[in-house]
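My plan was to look up a few spots and jot down what turned up.

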Amino acid sequence: MIDQYLKELEKITETFVSQLAEVNYEEVELFIERRQHLCDKLFSESNHVEGLNSIQKNLLTNILSADNLILPKMYELRNDASEWLERNNQIKRQKTAYLSSYTADSFFIDKKN
């Protein structure tokens, strides 16, 4: 079972890394969920057995080395989302200031010079 989980983890990691330039945040989230699910199974299974052998450990190390490629993409998407939220909040603040409510009994006097 451990070998099967490792192979599936390797497969989804390789597929994800090969498409890294085009992935969006939803695909990143899906990948992370699938990866976490497999890691949980691996952890559970390795506790029932004596752990991982050296071949399995090497394969897991190779899989985890892809994190060096994945993490910068995740940070990039996080920063993009943060910038989008900040722009959206700024637009809301400007809109609120522009459309601020005026009292009903007030009036404006426009005076030409």
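**Entry 1: Lys73.** I started in helix H4, where Lys73 has its place. A quick reminder to myself that this is a predicted model. Is Lys73 buried or exposed? I found a relative accessible area of 11% for Lys73, and the cut-off for buried is under 20%, so Lys73 counts as buried. I then listed the neighbours of Lys73, leaving out residues up to four places away in sequence: Leu20, Ala21 and Val23.

**Entry 2: Phe16.** Next I went to helix H1, which holds Phe16. Phe16 has a relative accessibility of 5%, so I noted Phe16 as buried as well. Which residues does Phe16 touch, not counting residues up to four places away in sequence? My list reads Val23, Glu27, Val28, Phe31 and Ile70. Val23 also turned up among the contacts of Lys73.

**Entry 3: H1 against H2.** I wanted to know how these two helices pass each other. The axes of H1 and H2 come within 10 Å and cross at roughly 160°. Angles over 145 degrees count as roughly antiparallel, so that is how H1 runs relative to H2. The crossing of H1 with H2 is left-handed.

I also went through the residues that meet here. From H1, they include Ile2, Tyr5, Leu9, Ile12 and Phe16. On the H2 side I noted, among others, Val28, Phe31, Arg35, Leu38 and Leu42. Sorted by class, the contact of H1 with H2 has eleven nonpolar, two polar and six charged residues.

**Entry 4: the core.** How many residues does the largest nonpolar core have? I read off 17, and those with the most contacts inside this core are Leu6, Leu9, Phe16 and Leu42. The elements that give two or more residues to this core are helix H1 (2-18), helix H2 (25-48), helix H3 (54-64) and helix H4 (67-98). H1 gives the most, with six residues.

**Entry 5: Leu9.** Last, I picked Leu9 from that core list. Not counting residues up to four places away in sequence, Leu9 touches Arg35, Leu38, Cys39, Leu42, Leu60 and Ile63.

How values were computed
Residues are numbered from 1 along each chain as its sequence is written. This is a predicted model: local features need pLDDT of at least 70, side-chain atom pairs count only at pLDDT 80 or more; totals for chains, interfaces and linings use all residues. Side-chain values use heavy atoms; hydrogens and water are left out. A nonpolar core is a set of buried Ala, Val, Leu, Ile, Met, Phe, Trp, Tyr and Cys residues joined through side-chain atoms within 4.5 Å. Buried means under 20% relative accessible area, exposed over 50%, partly exposed in between (1.4 Å probe, protein chains only). Helices (H or I, at least four residues) and strands (E, at least two) are DSSP runs, numbered from the N terminus. Contact means heavy atoms within 4.5 Å. Axes are lines fitted to C-alpha atoms, for helices over the stretch in contact, and angles run from 0 to 180 degrees between N-to-C directions. Angles under 35 degrees count as roughly parallel, over 145 as roughly antiparallel, 65 to 115 as roughly perpendicular and the rest as oblique. A crossing is left-handed if the near helix is turned anticlockwise from the far one by less than a right angle, and right-handed if clockwise. Ala, Val, Leu, Ile, Met, Phe, Trp, Tyr, Cys and Pro count as nonpolar, Asp, Glu, Lys and Arg as charged, and the others, Gly among them, as polar.
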